[in-house]
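I would like to walk slowly through one structure, beginning with a detail in a sheet and then widening the view.

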Amino acid sequence: MVKLGHHDMIVFLMSLGAILIFARLFAELFKQFKLPSVLGEIVAGVLLGPSVLGFFWPESFEYLFPYIAHPEFTSTIPVQYAMDAMINISVIMLLFVAGMEVQLPLVIEQGKVALSTTFFSMLIPIAVGYLGVQLVPDLFLASNEDVSIVGFFIGVVLSITALPVIARILMDMKLFKTRIGMTIIASAMLIDLLGWLIFSVILSMIDESESRMSLSYTLISIVLFGGFMLTIGSRLIDKSLPWVQTKFSWPGGVLTLSLGICFLGAAFTESIGIHSILGAFIVGIAFGDSANLRDRTREIIHQFVTNVFAPIFFVSIGLYVNFVDNFNPYLIAFLLILAYSSKILGAHVGARIGGLKKRDAWAVGVAMNTHGVLEIILGSLAMAAGLINEEVFVAIVVLVVVSIITSAPMLKRIVNK
Amino acid sequence: MNLAKQLKDRLPYPFEIIAVAVTFSPRYKAVIREAARLSRLYRAKLLLIYVGELTHEEKAKLERCVDACHIKSKYYQIVDVQGDVVSTIMRVCKEHVVDLLVLGALKKETVLQHYVGTIARKISRTAKCSILLIPDPKERPLTFDRVVVSAVDSAKTPLTIASAIYVANMEDAQELFIVNEEYIPMFESAYADSSTDEEIESRKSDFIKECKTKVSAILDDIPGASSITIKQRVIFGKPGHSIQVFAKSKNPDLLLVNSPKKSLGILDRLFPHDLEYLLEDLPCNLLIVHSRGF
């Protein structure tokens with residue numbers, strides 16, 4: 001059995017400590033500029049990683065993160081395994097929390113306008129992303145074999161909307177409870193669900209391991225698992241929560257059980273050939289949907305995951321990727337053009353067909369073009385699976401940053417017209 | 001004036017025509033007595049709707065039951081019509097311009113009943129007039145002393161509050177709770193990573209202030225609002241579910257809510273929201289106010 005030795009333990013704990021402290025400091029700094037803390041956490045990673053610390057103070061970088069500085073010795077450095085496990089658990093928990101935000105009843109309540117906005121704001125970006133990669137495959141360094149899958153993946157990234165970011169913008173602008181606000185939120189929720197389902201299929205398509213399942217098996221499994229969890233599973237959770245919340249110690253009892261079910265769901269989807277994140281995401285939807293889940297419990301789960309585990313993942317992005325070497329301005333510009341044109345247009349068309357007025361539909365279009373955490377997770381998983389390279393990943397991160405900075409002023413401009 | 005226009009131009013109150021759906025279940029007398037009490041109090045004509053063909057004995061039974069409630073024959077009418085139960089009751093209500101339909105209902109349904117749908121629930125999900133569901137009809141009906149009305153963020157809410165004030169005045173209720181159900185689905189995640197407790201609390205208290213101001217503005221426009229004791233509350237949670245929890249804790253005699261925005265179907269039962277939470281387990285008598293064309 002591989003164990004962490006004395007020195008490994010010190011390195012592991014120092015890495016974690018540095019990651020968490022730097023992440024918090026930069027999150028607070030970014031908060032002063034009214035920017036999401038996730039951006040601060042990524043910047044903290046860039047500063048601690050090969051781009052800055054590794055470049056200017058290589059000895060410090062090697063001491064603090066030897067498993068990153070010397071990847072060739074990865075197999076002999078057990079810290080790498082420990083860190084990898086921590087990052088994986090963080091992503092699974094992040095997806096669980098992301099799932100908790102999806103409220104399917106809200107989508108059903110919004111009806112036609114949410115459905116048409118979802119449909120067009122997914123269809124057009126996926127088509128544009130796909131065609132964009134076909135047009136300049138060299139820019140995405142996609143080989144002939146995987147150009148279609150890369151195109152499809154880029155389309156999915158362009159189609160997703162950052163729910164928490166746009167929710168906060170809408171709340172701050174007092175638009176949340178308006179028809180525009182509800183259309184945006186309901187559509188973004190449905191897109192999240194569909195986006196992760198599609199991405200899971202993409203991941204299973206590029207899986208070249210021996211345990212790979214057939215596409216039809218994967219699709220049937222996803223439908224059965226999702227169908228069960230979102231109907232019977234969510235009802236069971238809803239009915240048992242009042243009992244758990246009164247009989248078990250609070251909030252510890254719910255916190256432990258919810259994360260336990262999340263990990264079981266993740267393990268189940270992994271075992272049937274779908275990525276573990278989908279299981280966590282769907283279990284999150286089933287949990288978050290419960291009307292019996294106390295607001296305070298929900299808040300504690302959010303606080304726990306977003307302030308302890310999320311920073312580990314987001315800082316690790318900057319640690320593993322050299323943002324300076326992989327900064328390709330042409331690719332970034334091209335991706336920004338694809339994203340802004342396709343998402344704004346797609347959501348606008350969908351909202352118009354759904355019955356919104358022209359100005360309101362433009363507001364929906366602009367707001368839906370807010371990208372965030374999920375796109376970064378998508379990108380990092382795709383990079384880990386070998387679907388995209390580091391340049392494309394850096395371009396996705398830049399797209400997220402630019403869209404977060406621009407969406408609020410653009411939305412204000414349209415709404416105040 | 002054609003029927004559609006007549007219905008569209010009619011406010012949900014006063015209750016001038018009250019209907020009751022009749023079956024010969026063990027509770028039918030109690031349900032009729034509840035409807036008869038309302039008919040007397042609100043000076044409304046009482047319509048007894050029976051789906052099927054009534055025999056002479058059955059009709060006489062119904063007449064005896066209504067007569068025992070001291071309602072003169074000119075103030076009530078028995079209608080027996082054939083057809084599908086739900087659509088027939090709804091058609092009769094429309095033709096007679098019924099203001100309030102009284103239905104006896106189970107407090108809780110079994111899982112199968114919930115998904116298949118019982119008559120009272122089916123009507124509640126699709127009706128075009130106000131519905132009063134009575135889960136525990138009494139042989140000696142009681143007045144509605146404690147009334148709760150749900151005030152969600154909807155264009156229908158002012159009329160529902162006005163209806164609640166009308167009912168509370170007619171019933172001489174001791175207290176009327178106007179409960180704002182505030183639901184901000186993304187609140188925790190939107191502010192989870194970058195807000196202090198103080199900031200979150202201040203945002204929440206801003207919401208509460210806004211809600212109370214909105215309700216006060218509505219009350220200013222409703223005549224009769226000043227003659228009853230009104231208590232305002234703001235609760236956070238999913239609409240329908242949070243008011244159900246509130247009603248269970250306050251144990252009112254009557255709860256008033258908005259009618260659904262659209263007819264509710266199986267998807268709404270699979271992914272419940274608003275009225276579906278209440279229909280799942282009725283906390284007390286439930287009046288679903290239909291705002292008609294307004």
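This is a predicted model: local features need pLDDT of at least 70, side-chain atom pairs count only at pLDDT 80 or more; totals for chains, interfaces and linings use all residues.

Let me begin with a pair of residues: B:Ile131 has B:Ile288, in β10(B), as its bridge partner. Residues are numbered from 1 along each chain as its sequence is written, and chains are lettered from A, and ligands numbered from 1, in the order in which they are written.

The two strands around that bridge are β5 (residues 130-134) and β10 (residues 285-289) of chain B, which pair in the antiparallel sense over 3 bridges. Here two strands pair if DSSP finds at least two bridges between them, and helices (H or I, at least four residues) and strands (E, at least two) are DSSP runs, numbered from the N terminus.

Widening the view, we find an open sheet of 10 strands in chain B with mixed pairing, in the order β3-β2-β1-β4-β5-β10-β9-β6-β7-β8. Which strands stand at the edges? They are β3 (76-81) and β8 (230-236) of chain B, and each has a single partner strand, so one side of each is left without a neighbour in the sheet. From one strand to the next, the twist averages 20°, where axes are lines fitted to C-alpha atoms, for helices over the stretch in contact, and angles run from 0 to 180 degrees between N-to-C directions.

Helix α2 (residues 28-41) of chain B packs on this sheet, touching β1, β2, β4 and β5 of chain B, and its direction makes about 180° with that of β1(B). Helix α10 (residues 241-250) of chain B also packs on the sheet, touching β6, β7, β8 and β9 of chain B, with a direction about 150° from that of β7(B). Contact means that the C-beta atoms of two residues, placed from the backbone, lie within 7 Å.

Turning to where the chains meet, the contact takes 27 residues from chain A and 22 residues from chain B. On the side of chain A that touches chain B, α15(A) gives the most, with 7 residues.

Finally, chain A is divided into domain 1 (6-84) and domain 2 (94-415), with bounds that come from an automatic or database domain assignment. The C-alpha centres of these two domains of chain A lie 26 Å apart, and their contact takes 19 residues from domain 1 and 17 residues from domain 2 of chain A.
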